[in-house]
Amino acid sequence: MAAKIPTRLHLSEDEVPRYWYNLRADMADKPQPLLHPETLTPITKADLEPVFCKEPVKQELDETTRLIPIPEGVQEFYRAYRPAALIRAYFLEKALATPAEIYYKFEGTNTSGSHKLNSAGPQSFYAKAEGLSSLVTETGAGQWGTAMAMAAGFYGLNLTVFMVKVSSEQKPHRRALIETYGARLIPSPSDTTESGRAILAKDPSSGGSLGCAISEAIEKAVKTEKCRYVPGSVLNHVALHQSIIGQEAKAALDKYGIKPDVIIGCAGGGSNLAGLIAPFMGERLAGTSKARFIAAEPASCPSFTRGRYAYDFGDTAKATPLIRMLTLGSGFVPSSSHAGGLRYHGMNPILSKLYKDGFLEAQAHVQSAVFEAAVQFMKVEGILPAPESAHAIKAAIDEALECKKTGEKKVILFGLSGTGYFDLSAYMAYNNKTMVDYVPGDEELERGFASIPDIPQNRV
């Protein structure tokens, strides 16, 4: 009789990967390059370095180096909370009466409560090494802002965080944690920047969006001496840093001879999903795996399932390079009734390309169904999931129930990207049955699509 697979599939500290995996190097058909919005030519290091830190810029533009060494200063930072747990969901399997094996990679054990620290650490390390004194960023639900506050404090850097206004109001405790780490938090849109004032002039009651907050953060970064902007998702160097998630998961599964059939992650801007699937997708691209990959997104902000594949700006003020991605338009503002993050208008270009080429599937879920899955998971597995992560839980449960129906024994892996202890107001709305399942209509989406720039590449 084969030995039972343990509940926790452990890696030792010595087994933590020492390299980030650059999936683009193994993509025969690569994502299209970032474009300069004025010349429509591929963006250069000289274009990006006034906004971003130098080493992340180099990583952003590198699509040929397969393995990129993790600096010792970042490895030291990672040792505080990595390796993250890979857990066999025995109790969930039993509750669902499914023949499927379910595993989840849990990234919520650090104080920030999410996977975001995996990129916050490297970006802060590189900023310090470059001789910068301060950083600026945005945050939606607050996970990235918290992670950056932790990392900036660790490396001795000042930090300003523009937080989507509706999220800052919904999550005062997340704001308190960010400020406790020493960062300055500004609800966005604000009157502290030209872009924020312009947004407020059009809509004084605006609850904000990640696109708004990014505009404000970039504006402050370029106007502040020895300061740079640090992104929390969407861009390729962030996805690179998050590959530590998938590499650890794969190493742990390989130790026990387990090959996943379905790999699922939640998707807002794409960093968690890209990091989780990276090494498994590399095998799929090489023809050595037939695994399926599923992106689980909110029906209220459906970049994958209803977006357009086009060159678009990453922010509302149109200050970023043009990114070829699945997008709802930089002018799209998600409903304020949406709980949690995953409220960005576009998707990482690597993931967008994989979706367009048929290597990645996508599902959109309404939030009441997502919270139902979260509560079901919490009751049996003992972890309160973040609303973002609960989208992946919902998709994983659906897959497991399909296995129950067909009798097929699949191995399902999903990313539990963070905890939901700062999201209890959303859980209260679910419990009180006041949660609203908002799904934008075609007319609303068309207004967002109207903000996509009319350039030759978008007519192809």
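Reader: Which side chain meets that of K255 in a salt bridge?

Author: This is a predicted model, in which local features need pLDDT of at least 70 and side-chain atom pairs count only at pLDDT 80 or more, while totals for chains, interfaces and linings use all residues. Residues are numbered from 1 along each chain as its sequence is written, and side-chain values use heavy atoms, with hydrogens and water left out. A salt bridge requires a side-chain nitrogen of Lys or Arg within 4 Å of a carboxyl oxygen of Asp or Glu. At 3.4 Å, N to O, the partner of K255 is E15.

Reader: How many residues apart are K255 and E15?

Author: K255 belongs to helix α11, helices being DSSP runs of H or I with at least four residues, numbered from the N terminus. E15 lies in the segment before β1 (19–21), a strand being a DSSP run of E with at least two residues. The pair thus joins distant parts of the chain, and the separation is 240 residues.

Reader: Is E248 buried or exposed?

Author: E248 also lies in helix α11, residues 236–255. Buried means under 20% relative accessible area, exposed over 50%, and partly exposed in between (1.4 Å probe, protein chains only). Because its relative accessible area is 0%, E248 is buried.

Reader: Which residues are linked with E248 in a network of salt bridges?

Author: The side chains of E248 and R82 are joined by a polar contact of 2.8 Å; such a contact is a pair of N or O atoms within 3.5 Å, where within protein one must be able to donate a hydrogen and the other to accept it, and residues adjacent in sequence count only if both atoms are side-chain atoms. The network links E248 with R82, K105 and E107.
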